[in-house]
Amino acid sequence: MEITWVWTGMVVLSLVFGLLSGNLDAVANAALEGAGAAVELSLSMAGVLCLWSGVMEIMNACGLSAGLARLFRPVLRRLLPNASRDAETLSAVSANVSANLLGLGNAATPLGIRAARRMARGCGGTASDELCLLVVLNTASIQLIPATIASVRSAAGCKTPFDILPAVWMASALSVTAGLLAAGLLSRGRKRL
Amino acid sequence: MNLSSLVIPLLLSAVAVYGLGKRVDVYAALTHGAEEGLSVLLRIVPALVGLLTAVSMFRASGAMEWLSGLFAPALDLLGIPPETAPLMLVRPISGNGALAVASDLMAAHGPDSYVGRVAAVMLGSTETTFYTIAVYFGSAGITRTRHTVPAALAADLTGFATAALAVRLFFGGG
């Protein structure tokens with residue numbers, strides 16, 4: 001729904017700015033070019049995106065995501081001690097985290113929702129500290145190989161689309177840490193009040 | 001030789017050999033996954049047509065520059081290039097919208113420019129925050145979300161600022 005407002009706002013503002021600056025010809029051209037550019041972008045993204053999804057599928061079939069999930073259990077036990085008492089919640093959360101790391105968004109969301117549902121039982125519509133933490137973890141990006149972005153870069157003519165990986169890892173790690181710290185501080189601060 | 005040129009061939013071979021060792025039908029898995037990639041792509045094409053139309057109109061009309069200028073003083077303080085202001089505004093709301101804005105920035109400034117790289121790293125280190133919160137709490141029946149939104153936005157803001165910092169650190173420029 002929000003995106004409807006953003007889209008309408010952008011189009012109307014473009015009309016207003018075009019009228020005021022006399023750029024209306026350019027705006028009209030841009031509308032048609034933008035639609036074409038979207039299809040060109042999608043086509044040039046297709047190769048990298050499909051190849052990467054294929055590689056991910058192999059990793060998944062090899063049991064790599066299951067292995068990753070096992071690796072994360074001890075950390076998650078620390079982070080979500082109450083939820084981890086329920087074995088099924090813990091296994092859903094660790095599978096959610098490992099799917100997120102591998103960039104399998106379609107697999108990660110249903111797993112995370114299953115965990116969130118179990119964690120929300122009996123709390124009467126108020127999110128617990130641990131549920132807030134799980135959602136914050138999912139609103140931060142912890143993807144190891146951002147394949148979609150690499151495919152957009154290569155579509156734009158970049159020769160080494162993966163050279164941003166170290167920068168992405170650094171920014172992701174700091175962003176997740178900030179989110180978890182903020183969640184911890186905010187929940188403690190409110191309890192004291 | 002660039003180190004990142006080694007990563008992709010090495011990764012492909014390693015995954016294939018490991019899969020063979022685990023008795024996985026590697027080629028079938030590859031094509032099945034690629035098919036899934038294609039269906040993901042098919043789903044985002046309509047959104048990209050709508051959004052890239054709006055984004056390129058927005059740029060051509062001069063509204064993009066106006067919006068970037070509006071946020072420039074605050075962003076300069078954080079060391080973030082003001083050209084990425086529209087990306088930061090759209091990112092928490094719409095994943096495809098952010099993809100459209102980022103690809104427009106890469107086309108306008110070049111994918112290997114400072115702004116182009118910062119846009120890519122921003123996209124890679126943040127998520128569609130509001131969408132995720134709505135989906136999780138909606139399906140768990142939570143109405144009082146407490147500190148989730150401020151904490152998630154703190155993560156986004158940190159991601160944006162460190163994206164610019166990381167690009168300067170690894171590539172220079174800015």
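When I say contact, I mean heavy atoms within 4.5 Å. Keep in mind that this is a predicted model.

On that basis, 88 residues of chain A are in contact with 88 residues of chain B. Now the area. The size of an interface is often given as the accessible area lost when the parts come together. Here, chains A and B bury about 7300 Å² between them. Carbon and sulfur atoms carry 77% of that. Which three residues supply more of chain A's buried area than any other three? They are A:M10, A:I58 and A:T139, with 9% of the area that chain A buries against chain B.

Next, the polar side. Between the two chains we count 20 residue pairs in polar contact, both partners at pLDDT 80 or more. The salt bridge count is three. One example joins the side chains of A:R153 and B:D112, at 3.1 Å from N to O.

Which elements of chain A give two or more residues to the side touching chain B? Six helices: α1, α2, α6, α7, α8 and α9. The largest share, 24 residues, comes from α2(A),. By type, that side of chain A divides into 55 nonpolar, 26 polar and seven charged residues.

Last, a helix in chain B. Helix α6(B) runs over residues 114–125, 12 residues in all. It reaches 16 Å from first C-alpha to last, close to the 16 Å expected. Is it mostly covered or mostly open? Covered: 12 of its 12 residues are buried. Among them are B:R117, B:M122 and B:S125.

Technical notes
Residues are numbered from 1 along each chain as its sequence is written. Chains are lettered from A and ligands numbered from 1 in the order in which they are written. This is a predicted model: local features need pLDDT of at least 70, side-chain atom pairs count only at pLDDT 80 or more; totals for chains, interfaces and linings use all residues. Side-chain values use heavy atoms; hydrogens and water are left out. Helices (H or I, at least four residues) and strands (E, at least two) are DSSP runs, numbered from the N terminus. The expected span of a helix is 1.5 Å times one less than its number of residues. Buried means under 20% relative accessible area, exposed over 50%, partly exposed in between (1.4 Å probe, protein chains only). Buried area is the accessible area (1.4 Å probe) that two parts lose on being put together, summed over both. A salt bridge is a side-chain nitrogen of Lys or Arg within 4 Å of a carboxyl oxygen of Asp or Glu. A polar contact is a pair of N or O atoms within 3.5 Å; within protein, one must be able to donate a hydrogen and the other to accept it, and residues adjacent in sequence count only if both atoms are side-chain atoms. Ala, Val, Leu, Ile, Met, Phe, Trp, Tyr, Cys and Pro count as nonpolar, Asp, Glu, Lys and Arg as charged, and the others, Gly among them, as polar.
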